[in-house]
Amino acid sequence: MSAQIAAYSTSTGEAFQFWILGTVAVIGALSTVFMKKSVHSALSLAGTMIILAVFYLANGAYFLGVVQIVVYTGAIMMLFLFVVMLVGVTAADSLKETIKGQRWLALLCGLGFGILLFAGIGNASITEFNGLAAVNSGGNVEGLAALIFTKYVFAFEITGALLITAAVGAMVLTHRERTERAMTQREMSEKRVRDGKYLPPLPAPGVYARHNAVDIAGLLPDGTPSELTVSKTLRDRGQIRDVSTEALSDLKALEQRAEERLERTKTEEASK
């Protein structure tokens, strides 16, 4: 009887951990949806995943906790974060629906997910709890494998099929079929001439700036920075460093030293 009471009771530390970390997890999930920058959304989602791993570890699911940190947070989320930081994503998202009725379909799917969530919580509150010691009696990995491949094998297979379908659907939706003939290089150059755009090849970042970083604009011969040498994404973010003043000061110092050396040379030749 005491074992059943201990299984259903919650200690003060567990309650404190749940309410503090649960609040942070909900805030991170909401920040993932409402953040304007994709990098901040990815960081918020990574924080939520770490808190989920802490919940798994606190409930005795050590294998799930380690997998949550190593696979999802450490590998998948960090890879996504690095790709977003390197490639850059603009905030100009198209609000035009490519599939008719997709908003109502998304609302219906969200409603169904909510019903399943409440049904799972209700089932967990009604069903008798055996305790963590009984569940992990043969080991956490063995107990998890027994549940996946016996009691929940059908749900596991359905989830795998759903993930594969989602991956294929994402590839199909993001694929853009070319509807017109691709322009040749000669046609593109002629179009640039007719449009009056910049005709020569674009200068590399940092040209005449004594630096080759991608966030430093190249300098023209008169010392003014050229906007053609940096990415448009960096310009929109305001992440461009201006080194024109330093470069011009270095150039003036170099010219002054050259003039002084030339004067000394002339003086030495005149004295001879």
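# Salt bridges, rings and a surface patch

Trainee: What does D195 count as, going by its relative accessibility?
Mentor: D195 counts as partly exposed, because its relative accessibility is 42%, and that class lies between buried, under 20% relative accessible area, and exposed, over 50%, with a 1.4 Å probe and protein chains only. Bear in mind that this is a predicted model, in which local features need pLDDT of at least 70 and side-chain atom pairs count only at pLDDT 80 or more, while totals for chains, interfaces and linings use all residues. Residues are numbered from 1 along each chain as its sequence is written, and side-chain values use heavy atoms, with hydrogens and water left out.

Trainee: OK, and which side chain does D195 meet in a salt bridge?
Mentor: The partner is K191, at 2.9 Å from N to O, where a salt bridge requires a side-chain nitrogen of Lys or Arg within 4 Å of a carboxyl oxygen of Asp or Glu. Both residues lie in helix 9, four residues apart, about one turn of the helix, and K191 is partly exposed at a relative accessible area of 36%. Helices here are DSSP runs of H or I with at least four residues, strands are runs of E with at least two, and both are numbered from the N terminus.

Trainee: How many salt bridges does the structure hold?
Mentor: There are three. Another one joins E190 and R186 at 3.2 Å, N to O, and these two residues also lie in helix 9 (residues 185–195), four residues apart; E190 is partly exposed at 33%, whereas R186 counts as exposed at 61%. E187 and R181 meet in a salt bridge too, at 3.0 Å from N to O, with E187 partly exposed at 26% relative accessibility and R181 exposed at 59%.

Trainee: Switching to rings, how many aromatic pairs are there?
Mentor: The structure holds three aromatic pairs, counted when the rings of Phe, Tyr and Trp (its six-membered ring) have centres within 6.5 Å; planes under 30 degrees apart are called stacked, over 60 edge-to-face, and the rest tilted. One of them is F18 with F55, a tilted pair at 6.1 Å centre to centre and 35° between the planes. That pair links distant parts of the chain, with F18 in helix 2 (residues 12–34) and F55 in helix 3, 37 residues apart.

Trainee: Are F18 and F55 buried or partly exposed?
Mentor: They fall into separate classes: F18 is partly exposed with a relative accessible area of 47%, while F55 is buried at 17%.

Trainee: And why is the pair of F149 and F156 edge-to-face?
Mentor: The ring centres of F149 and F156 are 6.0 Å apart and the planes stand at 65°, so the pair is edge-to-face. F149 is exposed at 55%, and F156 counts as partly exposed at 42%.

Trainee: Which residues do ring pairs link into a cluster?
Mentor: The cluster consists of F18, W19 and F55.

Trainee: Which residues form the nonpolar patch on the surface?
Mentor: The patch is formed by L57, Y62, V66, I69, V70, V71, Y72 and I76, with about 710 Å² of accessible area together, computed by the Shrake-Rupley method with a 1.4 Å probe and, for residues, only the protein chains shown as cover. Patch residues have over 30% relative accessible area and no salt bridge; nonpolar side chains (Val, Leu, Ile, Met, Phe, Trp, Tyr) are joined within 5 Å, and like charges within 9 Å. Helix 4 (residues 62–87) gives the most, with seven residues, and V71, which lies in that helix, counts as partly exposed at 37%.

Trainee: Last one: how many helices and strands does the chain have?
Mentor: The chain has 11 helices and zero strands. Buried residues make up 15% of its 272 residues, and the chain exposes about 22,000 Å², of which carbon and sulfur atoms supply 66%. Among contacts with a separation of 6 or more, residues 24 or more positions apart account for 49%.

Note on methods. Contact = heavy atoms within 4.5 Å.
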